[in-house]
Amino acid sequence: MANFSTNEFKAGLKIMLDGEPCNILENEYVKPGKGQAFNRVRIRKLISNKVLEKTFRSGESVEGADVLDVELSYLYSDGEFWHFMNNETFEQIAADEKALGDSIKWLVENDDCTITLWNGTPISVTPPNFVELEITETDPGLKGDTAGTGGKPATLSTGAVVRVPLFVQTGEVIKVDTRSGEYASRAQK
Amino acid sequence: MQQQANWQPSATIQNVVLKNTILAKIRGYFESEGVLEVDTPVLSKSTVTDLHLDALETIHTNPLSVKRTHLFLQTSPEYYMKRLLCAGFPSIFQIAKCFRDDEVGRYHSPEFLMLEWYRLDFCMQELIDDVMEVLRLTLNVEGYQQITYASLFEKHLNIDITGVSCLELQAACSKYGFEDIVSKLNNSQNQSSDIDLMLQLLFCELIEPLIGKDSPVVVTHFPASQASLAALNVDNPIFAERFEVYYRGVELANGFEELGDHDELRERFNSDNKLREINSKKQKPLDEKFLQAMEAGLPSCSGVALGLDRLLMIAANSEHIREVQSFSFDAW
């Protein structure tokens, strides 16, 4: 992998830090009037997902990380691995539980997910911003409540629990924003 | 701030009006003090030798000569202004466009406006008071704190910089999370420049964010190795009569009680060039006209350079230098 100098650092560049692939979020140039210049860089570690600030000496080079985002559609889980497929090449990739993290609860068959590959291995899975899931269990709500104030918890087919308005019932399919984990609307029939 | 289309200015009309008001106050102050405004060339055949300062360069074609001349854009008007002083000028000031290569950021632009002035027969302390008067007039700030470079390290990091070894500083830098930077130093050819780099790193990342938040802080007596063109302290020559002013997270001004010894100056330029060589940077030709002027004699004086864009940023409460420049670097 190529090396990148601090003046090539920009948001989105992937570099290696402490043996972990990282995404650069921000690169700020700082310099004392008559002294050495530094780059104060905000970085997200792509495996631990930690955000940190790191100072580099300007002009310093670091190793790039072979990180690639691919759009794959979710097929199924065998309990140990979650299988995804490239709809054009039909090539399949399996991701483990660690790579999926919290995304597990938003996986819907045939949905297109963004899989981040490091050296060809999945390290994270991002579901679509909105997914449609069926409610498997929720308390019967009070009739007439249409404002959705307060709401009630509902368990979805994947095990995810979201707050829904009182008028939504078990068996209905709802649309959820996976970024916030919040109810968006009833699914369009 | 909303992203503007390419052709539009980066500063608002209000900020340009504010700039005029501030420039008028500065000119009014120096006029009342009998300090003469001067205007020296932006171009020169030579430039500064500082390890961490790089001039922009250009080529001049003379219609009366076949030879094309390599010219540098000034990083500050210091050398020309000192040549005026050597020629017998009184105290002088200048509001000058300056240019520095490889500097772009929130507080940095390759082209910027500098207020530089020299006071005859002023010692460092008198010049500090003068700078504070300019800040009082332009930013309405009252009072300031003054602390030495060494005391700041003592107070905030518990490091005694007078006797500190390269190894001790490396350990301190590693402790604060800069181990990657120090591990790549091993510049055994010049331990003193490694020490300066580590001091600058600790100062920039750990001390600067803590000082001058509410009122200006004047940091005095930088280590002799960072003297630049300042005279050394008579009682304790490991420190230089150099100061910097910090306010609201910004390094605003850098001043010296000026070194007049031309032999010492030549020595400093040559050791700068050696450092440049060690750091794989191009050496710079010495400014012989400047050195000749200094040999003729610089009157006893102190001088300071103040970043006007940064002063304006404070006055206008700006987040980025582009907000106070009519067309900032990214609008060129």
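View 1. Ile174(A) stands opposite Arg186(A) in E16(A), in a model that is predicted, where local features need pLDDT of at least 70, side-chain atom pairs count only at pLDDT 80 or more, and totals for chains, interfaces and linings use all residues. Residues are numbered from 1 along each chain as its sequence is written, while chains are lettered from A and ligands numbered from 1 in the order in which they are written. Strand E15 (residues 173-177) of chain A runs antiparallel to E16(A), and four bridges join them; strands (E, at least two residues) and helices (H or I, at least four) are DSSP runs numbered from the N terminus, and two strands pair if DSSP finds at least two bridges between them. In a regular strand the side chains alternate between the two faces of the sheet.

**View 2. The five-stranded open sheet of chain A.** The strands of this open sheet follow the order E14-E13-E12-E15-E16 in chain A, with antiparallel pairing. Strand E14 (161-164) and strand E16 (182-186) of chain A are the edge strands, each pairing on one side only. From one strand to the next the twist averages 55°, where axes are lines fitted to C-alpha atoms (for helices over the stretch in contact) and angles run from 0 to 180 degrees between N-to-C directions.

View 3. The UniProt record, in an unreviewed entry, lists Lys34(A) for "modified residue: N6-(3,6-diaminohexanoyl)-5-hydroxylysine"; UniProt positions are given in the numbering used here, feature names are shortened, and annotations may be inferred rather than shown by experiment. Lys34(A) is found in the loop between strand E3 (20-30) and strand E4 (38-45) of chain A. Lys34(A) is buried, with 21 other C-beta atoms within 10 Å (buried means 20 or more such atoms within 10 Å, exposed 12 or fewer, and partly exposed in between, with C-beta atoms placed from the backbone). Not counting residues up to four places away in sequence, Lys34(A) touches Asp50(B), His52(B), Gln226(B), Ser228(B) and Asn254(B), two residues being in contact if their C-beta atoms, placed from the backbone, lie within 7 Å.

**View 4. The side of chain B that touches chain A.** The contact takes 21 residues from chain B and 14 residues from chain A. Helix H7 (191-207) and strand E10 (250-257) of chain B are the elements that give two or more residues to the side of chain B that touches chain A, and H7(B) gives the most, with six residues. By class, this side of chain B has seven nonpolar, seven polar and seven charged residues, where Ala, Val, Leu, Ile, Met, Phe, Trp, Tyr, Cys and Pro count as nonpolar, Asp, Glu, Lys and Arg as charged, and the others, Gly among them, as polar.

**View 5. The hairpin E3–E4 of chain B.** Strand E3 (residues 57-61) and strand E4 (residues 68-73) of chain B pair in the antiparallel sense over five bridges, and a hairpin joins E3(B) to E4(B) through six residues. The bridge partner of Thr58(B) in E4(B) is Leu71(B). Of the five residues of E3(B), the number buried is zero, so E3(B) lies largely in the open.

**View 6. The annotated central domain of chain A.** UniProt, again in an unreviewed entry, places the feature "domain: Translation elongation factor P/YeiP central" at residues 69-123 of chain A. The end C-alpha atoms of residues 69-123 of chain A lie 10 Å apart, and the span is 7% helix and 49% strand.
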